[in-house]
Amino acid sequence: MSDIGVQSEAIHERAREAMQDAHLQEAYRSSTLRLYTHRLKAIGEVPGFEQLRERGRELKREVMDHLDHYLGQFADNVERQGGKVHWARTADEACALVKGIIQSAGAHELVKAKSMVGEEIELNHALEAAGIRAVETDLGELIVQLSGERPAHIVAPAMHKTRHDVSDLFERKLHSEATEDPERLTAIARRTLREMFAKAGVGMSGANFAVAETGSIVVIENEGNIRFCTTAPRVHVVLVGIEKIIPRLADLGVFLRLLGRSGTGQKLTSYTSILTGPRRPGEDGPEEMHVVVIDNGRIATLADEKMREVLYCIRCGACLNACPVFRKIGGHAYGWVYSGPIGALVTPQLAGLDRARELPFASSLCGACREVCPVKINIPDLLLYLRGQVQERFPSPRPAGSPVSERRGIRLWAWVMKKPWAFSLGGFLARLGFRFLPTSRRGGERAWVTKFPFPPLSNWTSGRDFPAPDPVPFRERWKRISH
Amino acid sequence: MGNHSPKVALFITCIGDQFFPQVGECAVRILRRAGAEVSFNPAQTCCGQPAFNTGYREEARDVALRMLDLFDDADYVVAPSGSCTTMVRVFYPELFAGDPALLRKVERLRERFFEFSEFLVKIMKAEDLGASFPHRVAYHDSCHLYRELGIETEPRKLLRAVKGIELVELQDHRLCCGFGGTFAVKYPEVSVGMAQDKVRAAAEVGAEYLVANDAGCLMHVAGYIHRNGLPLKTLHLAELLEKHE
């Protein structure tokens, strides 16, 4: 799939395609299950993990309720430490700011650490248009960059690719030898990236957390590439969404314990870097540190009291791994950079509900996401809320082949349900009508409808049979058994 | 309870009434056997969940409003469905938020509203209802029942008390079956794919029967089984508790 713009309207087609791709199904099934199982094991080792989740949630609530205060404090402290703060209201503003910083540094190449907000603002495209080459240095991100795709998962961008896929890709794009040995594949990537680290004038990272009290940026990783990006080049640019603020350095312990375990089942990731300002005299590190603070729809989310909770998300990806729908359709089906249950909430907030109105419906509302969320975001409840918003704000769809629009159908249904006589009559008519539909019994007592002529039930019978109504409904049977 | 038999109003649910009336009959017999006096108000239809689930809150409110006055003379209302019980207990307060008078009615209904297995075990303190069923049975935790109402031990207690039963746990028994209300027709391929996983999990543990407490999940899974001519059979818990084999 192309990696520009919001394509969430195509979720139905993409989901269908994904369901037919056995290779992709197995890649998602095995990876999500592995991360899900690792998480379960890791949280089992922490006494009071539940209280930790509560604490994480409380802290996030505190920040969101006083975001102006904490953001101001953070910015003041970044500047006090010698960093420079830039404010971006939109994706375009953020890209222009980054471009400006790179150009004034006289650089033409940029090494990038993994950043979801960087994906969100589509920075690589903006830089490319300005003649600046951005190279992803996270292995998974490098893989999706080379294949011209978006991350398939918040934490594991190349989850949809097998070793074999990566070997092919490296052979084609990096002209390396064919190998499916993960160590050798990593060595190939390392060789390519080392060269880039040595010559790039600017390094870019995201931020897992931004500490208001100290003006520090916290980044966690397993590969060591973020350390390179943030220390080797002369200039370090940080992209940080306004929701990444945490109040105090002491609160970091809560979030680090939550994030590693929820995301990958690790107690801590291999590297945790706390970066406070550029280099001091006599030290290593970048000469300049620029922090680009990005809104891009977050303030509007903050203003919606119900949806504000979405900003609590610490991007661990646990809800994706737990979600039976994500496991089936994968990340790309969601049509933008954020996928899974949290993506179905974030995308409508940041990209606009009008462009993502199918997403809130891409859930069976089973609640597995809420069960694993480290900050206990009530995802199914918010999906239900967004479904309500979709029906209030947009014209009701009329499914192809349907006699009426969905809203008219629901109104008719509601009218029937309000009158017991109409309900009984409806049941009677349905029994009559079902006689004209193709059924099968397979030797059982019950007749099952095999093909419905129009939606919504034609969608049901496209993949399974639908039970014919019982000849005698309960309300009739009750007359015999009421005593 | 003392000597007084609790008056229980049955909420059969719209799907139960039209598609699985035998589940209602079984539930009535079991509730009576457990010592309840059962009534059925024929003015009932649906709890409103299909509209709520799809985002049509006004229409959901319209339908749900009727529910608030239907069961005033009963001590308890019992539904053979975790999902419809969730609609009343969890979603009605949200649906009627901002209307204190209606919220008081909601509160009065909520505190008396129970899911079938929950009511038997928690309120009637009944576990062994005299059933015998010498088969290998797997229980599916339906999502609303388990995650919204927290009911997982009650159905298992009732099942373990059945004579001759061989109760087996599915690998990942809390994984959604893929029904999800209108999700089943909005994302049919995904929904069916999830049913396939559920049926496969049942086959892996060699279950003859898959039991659940929600007609929605059961008609979805059974529809998949029927389409593909598979040997697995499905039962509602109330039906199983009426087996005397």
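Colleague: What share of the contacts in chain B between residues at least 6 apart in sequence join residues at least 24 apart?
Modeller: This is a predicted model, in which local features need pLDDT of at least 70, side-chain atom pairs count only at pLDDT 80 or more, and totals for chains, interfaces and linings use all residues. Residues are numbered from 1 along each chain as its sequence is written, while chains are lettered from A and ligands numbered from 1 in the order in which they are written. Two residues are in contact if their C-beta atoms, placed from the backbone, lie within 7 Å. Among the contacts of chain B between residues at least 6 apart, the share joining residues at least 24 apart is 79%.

Colleague: What average pLDDT does chain B have?
Modeller: pLDDT is the predictor's confidence in each residue, from 0 to 100. In chain B, 99% of the residues score at least 70. For the complex, the predictor gives an ipTM of 0.96 and a pTM of 0.97. The average pLDDT of chain B is 97.

Colleague: Why is chain B said to be as compact as a globular protein of its length?
Modeller: Chain B has 13 helices and 8 strands, where helices (H or I, at least four residues) and strands (E, at least two) are DSSP runs numbered from the N terminus. The globule rule, 2.2 Å times the number of residues to the power 0.38, gives 18 Å for 245 residues. Chain B is as compact as a globular protein of that length because its radius of gyration, taken over C-alpha atoms, is close to that value, at 18 Å.

Colleague: How many residues of domain 2 of chain B are in contact with domain 1 of chain B?
Modeller: The domain assignment, automatic or from a database, gives domain 1 (7-123) and domain 2 (136-240) in chain B. Their centres, taken over C-alpha atoms, are separated by 22 Å. Domain 1 of chain B brings 29 residues to the contact, and the number from domain 2 of chain B is 21.

Colleague: Which element gives the largest share of the side of chain B that touches chain A?
Modeller: The contact takes 51 residues from chain A and 52 from chain B. Elements of chain B giving two or more residues to that side include α4 (57-67), α11 (188-204) and α12 (215-228). The largest share, 7 residues, comes from α11(B).

Colleague: How many charged residues has the side of chain B that touches chain A?
Modeller: Ala, Val, Leu, Ile, Met, Phe, Trp, Tyr, Cys and Pro count as nonpolar, Asp, Glu, Lys and Arg as charged, and the others, Gly among them, as polar. By these classes, that side of chain B has 28 nonpolar and 13 polar residues, and the charged ones number 11.

Colleague: Is A:P47 buried or exposed?
Modeller: A:P47 is in the loop between α2 (22-44) and α3 (49-65) of chain A. A residue is buried if 20 or more other C-beta atoms, placed from the backbone, lie within 10 Å of its own, exposed if 12 or fewer, and partly exposed in between. A:P47 has 8 other C-beta atoms within 10 Å, so A:P47 is exposed.

Colleague: Which residues does B:N41 touch, not counting residues up to four places away in sequence?
Modeller: B:N41 lies in the loop between β2 (37-39) and α3 of chain B. With 18 other C-beta atoms within 10 Å, B:N41 is partly exposed. Not counting residues up to four places away in sequence, B:N41 touches B:A9, B:L70 and B:F71.
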